[in-house]
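The structure is shown first, and the account then starts from a single residue.

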Amino acid sequence: MNIDNYNKYVTAETMMGPNSVRILAELLDKYPLRLAPGDRILDLGCGTGLTSLMIAKETGADVFANDLWISAEENGKRFAAWGVGKRITPVCEDANDLHFPQKQFRAVISIDSYHYFAGSRGFFEEKILPFVGDNGVVLIGIPGLKDAYAGRARALLSDWLGDDSDLFKNPKCWRELIGHSDRIETVETWEMDCFNEAWGDWLATDNQFARGDRRYFETVIKPYTCFAGIYVKTS
């Protein structure tokens, strides 16, 4: 996959954190999606739609781009301008209360957002799994705590994140939070490889939030955090 094809879309206006295109590219390279015509993919927490654009172009699937913070109207205009308006359906719903038919999606993908709403035990089984079809796939890439510092997020990250430190969990913890179900065949979690590149792209932007993160990158972010990759296969 050539992520350089997406450079013109990755801007200070469309980025909301570390480069989501790099994170998604690593997931798709590690676990390529094998799709059939008419398959649907849910991009959960899509932000400004960079990942939805990439999913549509790389997989050919019909994409439902859901985000709570960015309106469906705003994303819809962006998708139309990008020439993918017919392939992507913008949605604005809370991940705790999604309104889709059960087992509708061949895959659910969530980049740099899942940790905001899914950190409680039982969430995946109750709120996400019902919408994943049989023999489906879930791919998640989120900022997290390195396994070596498990359970120490508040002590290590509070200067940077304050109360949001608790959102950062280590990959092994995320594996436990996915839970157990007769419909879950495989769960894998790991520390992703794209950390430096994705963060570097973000910190190089002229964005007020990126400027704030720069202050903590060498002392907090780089030594203690990672991107947690999560792969789930349904039976």
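## Cysteines

Cysteine 226 is buried, because its relative accessible area is 4%, where buried means under 20% relative accessible area, exposed over 50% and partly exposed in between, with a 1.4 Å probe and protein chains only. The model is a predicted one, in which local features need pLDDT of at least 70 and side-chain atom pairs count only at pLDDT 80 or more, while totals for chains, interfaces and linings use all residues. Residues are numbered from 1 along each chain as its sequence is written, and side-chain values use heavy atoms, with hydrogens and water left out.

The structure holds zero disulfides, a disulfide being a pair of cysteine sulfur atoms within 2.5 Å. Cysteine 92 is in no disulfide, and the nearest cysteine sulfur, which belongs to cysteine 46, is 9.0 Å away; with a relative accessible area of 39%, cysteine 92 is partly exposed. Cysteine 226 is likewise in no disulfide, the nearest cysteine sulfur being that of cysteine 194 at 10 Å.

## Nonpolar cores

The largest nonpolar core has 53 residues, and those with the most contacts inside it are Leu33, Ile109, Leu139, Trp199 and Phe227. Such a core is a set of buried Ala, Val, Leu, Ile, Met, Phe, Trp, Tyr and Cys residues joined through side-chain atoms within 4.5 Å. Helix H1 (residues 20-30) gives the most to this core, with six residues; helices (H or I, at least four residues) and strands (E, at least two) are DSSP runs numbered from the N terminus. Apart from this core lies another, of 28 residues, including Val91, Phe100, Phe131 and Ile140.

When residues up to four places away in sequence are not counted, isoleucine 109 touches Leu24, Leu33, Ile41, Leu42, Asp43, Leu44, Ile55 and Leu139, contact meaning heavy atoms within 4.5 Å.

## Helix H2

Helix H2 (residues 50-59) is largely enclosed by the rest of the structure, because seven of its ten residues are buried. These buried residues are Leu50, Thr51, Ser52, Leu53, Met54, Ile55 and Ala56, and what covers them includes H1, strand E1 (40-44), E2, H3, strand E3 (88-91) and strand E4 (105-111). Just after H2, glycine 60 takes a positive phi of about 80 degrees.

Leucine 68 lies in the loop between strand E2 (62-66) and H3, and its relative accessible area of 47% makes it partly exposed. Glutamate 74, found in helix H3 (residues 72-81), also counts as partly exposed, at 38% relative accessibility.
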